[in-house]
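Read it with the coordinates open.

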Amino acid sequence: MIPPTYKPKKKFMQLAIAEAKRARDRGDYPIGAVVTRVVGKREVVIASAGNRVKTSGSSIKHVELETLKYVSSGYGRYLPDFVLYSTHEPCAMCAGACVWSKIGAVVFGVSQEDITAYGKKHGTEEFKWRACLISCKFVLEKGGLRIPVFGKFLRPECRKLFGYRATSPASLPVKTRSRIAGPQTC
């Protein structure tokens, strides 16, 4: 169980931001996520990845959902000692996955409102930036999961991801691979 005194760590959101940039470099939405595990006073990275909605061809391959599935496969179906960091507020589907996995806490950068506002002003046919205006906290509460939720964490840095573009086609990786990996001590 994540204590109510838990404080999000900048380094974990910075890792999510780096994953988001890698996702954009390979042609996807720049959204990144990290799942950490809190053990006593230590917090370690269990998984990190970037979004694969566009590159997988699946509209439901959201990075939050994929990292939660991966962590659950190795640590069990309930994750009360784990924290989900995401550059973007988890949508209703991903927040529902947080309910079912009993995640211990959620930390996100930009809100669903930020996503919608950006999409209305700058969305393109290729990158629409649609959002479901149901807050993550609302879904968690309606699902009976009363956990710490930290919104707008490093929001200015996460907002910059909307406009992030790969520098050149040559900078795109030849072969992409998931960065979902085993535990790393941070």
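The sections below go from basis and overall figures to the pocket and selected elements.

## Basis

This is a predicted model: local features need pLDDT of at least 70, side-chain atom pairs count only at pLDDT 80 or more, and totals for chains, interfaces and linings use all residues. Residues are numbered from 1 along each chain as its sequence is written, and side-chain values use heavy atoms, with hydrogens and water left out.

## Overall figures

The protein has 7 helices and 6 strands. Helices (H or I, at least four residues) and strands (E, at least two) are DSSP runs, numbered from the N terminus. Their order from the N terminus is α-β-β-α-α-β-α-β-α-α-β-α-β.

Of the 186 residues, 48% are buried. Buried means under 20% relative accessible area, exposed over 50%, partly exposed in between (1.4 Å probe, protein chains only). The protein exposes about 9600 Å², with 56% of it from carbon and sulfur atoms; these areas come from the Shrake-Rupley method with a 1.4 Å probe, and for residues only the protein chains shown count as cover. Among contacts (heavy atoms within 4.5 Å) with a separation of 6 or more, 69% link residues 24 or more positions apart.

## The largest pocket

The largest pocket holds about 550 Å³ of space. A pocket is an open set of points on a 1 Å grid over the protein atoms alone, where a 1.4 Å probe fits, with protein on both sides within 12 Å along at least five of seven lines; lining residues have an atom within 4 Å of a point. Points are joined across faces, edges and corners, and the volume is the space filled by probe spheres set on them.

The lining has 24 residues, and Y29, V53, S59, H62 and R130 lie nearest the centre. It splits into 12 nonpolar, 5 polar and 7 charged residues. Here Ala, Val, Leu, Ile, Met, Phe, Trp, Tyr, Cys and Pro count as nonpolar, Asp, Glu, Lys and Arg as charged, and the others, Gly among them, as polar. Helices α2 (53-56), α4 (92-101) and α5 (112-122) each supply at least two lining residues.

Strand β1 (residues 32-39) runs antiparallel to β2, joined by 8 bridges. Two strands pair if DSSP finds at least two bridges between them. V38 stands opposite E43 in β2. The hairpin has 2 residues between its strands, and G40 in the turn has a positive phi of about 65°.

In β2, 8 of the 9 residues are buried, so the strand is largely enclosed by the rest of the structure. R52 is buried at 18% relative accessible area. Its C-alpha lies 7.1 Å from that of A23, 29 residues away in sequence.

## Helix α4 and its surroundings

Helix α4 has 7 of its 10 residues buried, so it is largely enclosed by the rest of the structure. They are C94, A95, G96, A97, C98, V99 and S101. These pack against α3 (63-75), β3, β4 (105-110) and α6 (136-142). K102 follows the helix with a positive phi, near 55°.

P90 sits in the loop between β3 (82-88) and α4. Its relative accessibility is 0%, so P90 counts as buried. Beyond its neighbours within four places in sequence, P90 contacts E64, L84, A95, V106, F108, Q112 and C136. P90 and E64 are 26 residues apart in sequence, with C-alpha atoms 6.9 Å apart.

## T116 in helix α5

T116 belongs to helix α5. T116 is buried, at 15% relative accessible area.
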